There are 4 protein chains.
Amino acid sequence: MDTWRQRLYVIIFHTDTPAGQRFDNWLLLVILASLVVVMLDSVVAYQQQYASLFDSLEWAFTLLFAVEYGLRLYCSPKPLRYAFSFFGLVDLLAVMPAILSLFFADAQYLMIVRAVRLIRIFRVLKLRQYLSQANFLLTALRGSRQKVTVFLVSVSTLVTVFGALMYVIEGPPNGFTSIPTSIYWAVVTLTTVGYGDITPQTPAGQMLSTLVMITGYSIIAVPTGIFSAELAAAMRGADQLKRDCPGCAKDLHELEAAFCTRCGHPLFPRQDQQR
Amino acid sequence: MDTWRQRLYVIIFHTDTPAGQRFDNWLLLVILASLVVVMLDSVVAYQQQYASLFDSLEWAFTLLFAVEYGLRLYCSPKPLRYAFSFFGLVDLLAVMPAILSLFFADAQYLMIVRAVRLIRIFRVLKLRQYLSQANFLLTALRGSRQKVTVFLVSVSTLVTVFGALMYVIEGPPNGFTSIPTSIYWAVVTLTTVGYGDITPQTPAGQMLSTLVMITGYSIIAVPTGIFSAELAAAMRGADQLKRDCPGCAKDLHELEAAFCTRCGHPLFPRQDQQR
Amino acid sequence: MDTWRQRLYVIIFHTDTPAGQRFDNWLLLVILASLVVVMLDSVVAYQQQYASLFDSLEWAFTLLFAVEYGLRLYCSPKPLRYAFSFFGLVDLLAVMPAILSLFFADAQYLMIVRAVRLIRIFRVLKLRQYLSQANFLLTALRGSRQKVTVFLVSVSTLVTVFGALMYVIEGPPNGFTSIPTSIYWAVVTLTTVGYGDITPQTPAGQMLSTLVMITGYSIIAVPTGIFSAELAAAMRGADQLKRDCPGCAKDLHELEAAFCTRCGHPLFPRQDQQR
Amino acid sequence: MDTWRQRLYVIIFHTDTPAGQRFDNWLLLVILASLVVVMLDSVVAYQQQYASLFDSLEWAFTLLFAVEYGLRLYCSPKPLRYAFSFFGLVDLLAVMPAILSLFFADAQYLMIVRAVRLIRIFRVLKLRQYLSQANFLLTALRGSRQKVTVFLVSVSTLVTVFGALMYVIEGPPNGFTSIPTSIYWAVVTLTTVGYGDITPQTPAGQMLSTLVMITGYSIIAVPTGIFSAELAAAMRGADQLKRDCPGCAKDLHELEAAFCTRCGHPLFPRQDQQR
């Protein structure tokens, strides 16, 4: 009985075993299939033809995922810990929309959140390498968190002020119907997306938006610079060399250090001294 | 009496005290609220319904900020110095627009400049860390100031020439109604914003704009490269001591270094040598 | 007889000989010419006038390339190896479309794949330098392969989720006719291309797309950061020798280094020590 | 007589003297004024009102610049060398368009090339610093020349192939009227400009353009990475230390080197050895 649970646990949670590998491969396929169905279901042409088919398929997938979720809860040694882990919540989210769709139309399209489950793909690809790479990225992101906050606060201030100015300069007749809309325009412009659904008409407006564009074009350098620097640091790894100084207790030195910075004792014996 | 002023001073200016913290939190909330009101006021639908409400609210906020400004002036030991400090001017700006709006319509929308006051947020978040991070960015920006000037001058020259060329090639019938407009188009294109409100129609024009786009796409690398390099330098420099080693050319050492890591020469005169 | 084949081989395959150089120059010219013809052929105006001329020219070029392909097969010492090499397949592709065009209209436009043959240009320019430069890029790309995979998977997940959300929020009436279309919109926005053929109309949609833009604007930093770091590493590594010093942890040395710059330990065993 | 020429020479060519400084300041002002006139002249509204005024002004400026050009030729010790220097040609170009405008309409708008003369501004700002900064940029650009060539060739190949594919997929009815036009679209998309004047309509076309966008979004990293790396290298300056090894003739060592890589001799005397 208990061995069953353990075998299930190995199959469902351990990707490094052949059985687990096979299970995760199938799971990914099913998720992809369900996503395809949701997408096709949203295309009017197909929707009208295969409405009932799509419905039944979506319920089938939901059932499948519900069962899977149940099994995961059942066989995991610490059910609660799994339930509140990132993947646990994602797995739950994959089942919810169908239930919601009973009460709200359109809700079934939220099934698309199942896309998030595809992140399991890293489990199937050689996990470790990718995780280590992801760690580099995360370290870099964590390291640049504060700089980015500073950056984002400044940007949102810029966008608000620019937006309000444009609202005053151009005004509703030229499409800047309100300050929120103008702020939306400012973001569209500053990020160099430039839909063109709202564009300055007056010379003054065009000059100001020129300023906004140049600003956006220049400050795109900031997050990039921040991230590059952080990532380079993360990849260079520890900038310090762990090695006890024979002269004193200092055990951290610059990578290229030949002498201890504290007592000046050479860190390495010279050949002529060995002989 | 004077203790009152001092207590006020501590509450209003010192974020590191619990009272000051609370004060700044409330202040931020009020600022945000006032911003929301200004924004909603600009949306026609709401404007028509709640015009009077919005007006009274805006006056209330203005009064509040005026009082706050007065108190700051009153309780700060050096009123003038505060008045002409960055934040002093911003606080003043937060009150002006309302007065202006008595004479010019639309002026009340300028109340949006209050957004700038939100920069106080760094006071509320753990200030020091963020300031140090901001310093990194500022150091990098200062370091790249000249390079950026060179860059901007070249870009504006490019834009002017490209704009004039397009005006000659495409001309008014295709939307390039004047050289300033064409320059506006050139900026829109070079910064990869691409509204699409003005687009080349003739083959010649399309070829030239292709050139402009490739240029813009390539030289976006320049500010990024400049900034990355400067920022990396600023970050590297942070935990290093700039000091020439008397024994060799090495000029960057650990902050608490007493000997050069390269030649082992003492960085600060030793007793036995002074004797 | 055999000498003929060898001389042909030298002319066709060896760019470093004057004859080969001349041959490749002519080849490039012919390829360019054929490309121009294909392009002009697609312009209605010219098409109607010179239809027959273009046809005959295209057949002429096809014949020429077919002959060249035959000769390459004939004179290369290892025909099969050439046939399945990158350039071998490209050369074959340059001939196919014409044959296809007998069965499918429009197929002749695929002759444009001949553009790929232009990569031979690196053969004509001083080959070595460019290849070495290309190697830097490739090394950097290979090094960042995994990081980029992580990045792309995350981006596609983001795009899918954002797209579905917008479909639910905006819906068909505002142009988001289906989830695939919405995903297309999300890509257009996240990459800051911003055609403007589909734009959010509802305030909720505009807020969400603002989020998408800021995200796209910020994460454009990620691939750049990755690539910069990798490229810097690749360039640094180029003129350095990867070899652990037996005396200390230093593992990068000048190419012709005989002793470690840090601890002075010989990198290769000295006679007196071997004795 | 000759002293006159010399004094003129100093005033016109030497910015470091007060007289020269004053001259260049005035020159910049005049150039700016002439640019403003050309721009205003292109605005229909003003054109109609002040046509004659603008004409006379433009002729005045042209005369002025012609005289200046003459004086430069007259007073420079090596007239020919100046005439064929970069600035010499630019100064000539500033006069030509007016003469051309006698034969071709619109030619006077080419006077805008005078914008290039504004580069003299670096003369007026503290010249040296800016030139040194510009040198960094140029060194970086020169260093990345080949990499960029490789990059641009690949990009143009990509663009050509993508363009042709879209022409085959979408075709004239959807705005892709010819292969050149489709290539123009491909550039607009790959560079993330995205005018939206031509957009894919068919699902297949949208999928392909999604691919193009992601590609463009990713490879924008390449030039940036190249440039950042090169610039960092340029700023780090010589990575090598000039110092004769006491043991052998080698005089170039790594910056952090404490021992000679060729003979293993310590590069610097140790304290304990001095005593």
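Is Tyr184(D) buried or exposed? At a relative accessibility of 3%, Tyr184(D) counts as buried, where buried denotes a relative accessible area under 20%, exposed over 50% and partly exposed the range in between, with a 1.4 Å probe and protein chains only. The model is a predicted one, in which local features need pLDDT of at least 70 and side-chain atom pairs count only at pLDDT 80 or more, while totals for chains, interfaces and linings use all residues. Residues are numbered from 1 along each chain as its sequence is written, chains are lettered from A and ligands numbered from 1 in the order in which they are written, and side-chain values use heavy atoms, with hydrogens and water left out.

Tyr184(D) belongs to helix H10 (residues 179-190) of chain D; helices (H or I, at least four residues) and strands (E, at least two) are DSSP runs numbered from the N terminus. Along the chain Tyr184(D) and Asp197(D) are 13 residues apart, and their C-alpha atoms are separated by 11 Å.

Thr192(B) lies between helix H10 (179-190) and helix H11 (203-219) of chain B, and Thr192(C) is found in the loop between helix H10 (179-190) and helix H11 (203-219) of chain C. Most residues other than glycine have a negative phi. Phi of Thr192(B), however, is near 60°, a positive value, and phi of Thr192(C) is likewise positive, near 60°. Thr192(B) is buried because its relative accessibility is 4%, and Thr192(C), with a relative accessible area of 3%, is buried as well.

A cavity is a set of points, on a 1 Å grid over the protein atoms alone, where a 1.4 Å probe fits but cannot get out, and its lining residues have an atom within 4 Å of a point; grid points are joined across faces, edges and corners, and a volume is the space filled by probe spheres set on the points. Three cavities of 30 Å³ or more are held by the structure. The largest cavity, with a volume of about 80 Å³, is lined by Ile220(A), Thr224(A), Ile220(B), Thr224(B), Ile220(C), Thr224(C), Ile220(D) and Thr224(D). Its lining comprises four nonpolar, four polar and no charged residues, where Ala, Val, Leu, Ile, Met, Phe, Trp, Tyr, Cys and Pro count as nonpolar, Asp, Glu, Lys and Arg as charged, and the others, Gly among them, as polar. The second largest cavity contains about 40 Å³ of space, and its lining consists of Thr191(A), Thr192(A), Ile220(A), Thr192(B), Ile220(B), Thr192(C), Ile220(C), Thr192(D) and Ile220(D). By class, these are four nonpolar, five polar and no charged residues.

The expected span of a helix is 1.5 Å times one less than its number of residues, so the 25 residues of helix H2 of chain C should span 36 Å, in agreement with the 37 Å between its end C-alpha atoms. An α-helix has 3.6 residues a turn, so residues three or four places apart point the same way.

For chain A, an unreviewed UniProt entry lists residues 26-47, 82-103, 148-169 and 211-233 under "transmembrane region"; UniProt positions are given in the numbering used here, feature names are shortened, and annotations may be inferred rather than shown by experiment. Residues 26-47 of chain A are 95% helix and 0% strand, with end C-alpha atoms 27 Å apart, whereas residues 82-103 of chain A are 73% helix and 0% strand, with end C-alpha atoms 28 Å apart.

Rings of Phe, Tyr and Trp (its six-membered ring) were paired if their centres lie within 6.5 Å, with planes under 30 degrees apart counted as stacked, over 60 as edge-to-face and the rest as tilted. Over all chains this rule gives 24 aromatic pairs. The pair of Phe176(A) and Trp185(A) is edge-to-face because the ring centres are 5.3 Å apart and the planes stand at 65°. Phe176(A) is buried at 0% relative accessibility, and Trp185(A) is buried at 1%. Elsewhere in chain A, ring pairs link Tyr9(A), Phe13(A), Tyr69(A) and Tyr82(A) into a cluster.

Notes. 1 Å grid on protein atoms, 1.4 Å probe; cavity = no way out; pocket = protein on both sides within 12 Å on 5 of 7 lines; lining within 4 Å.
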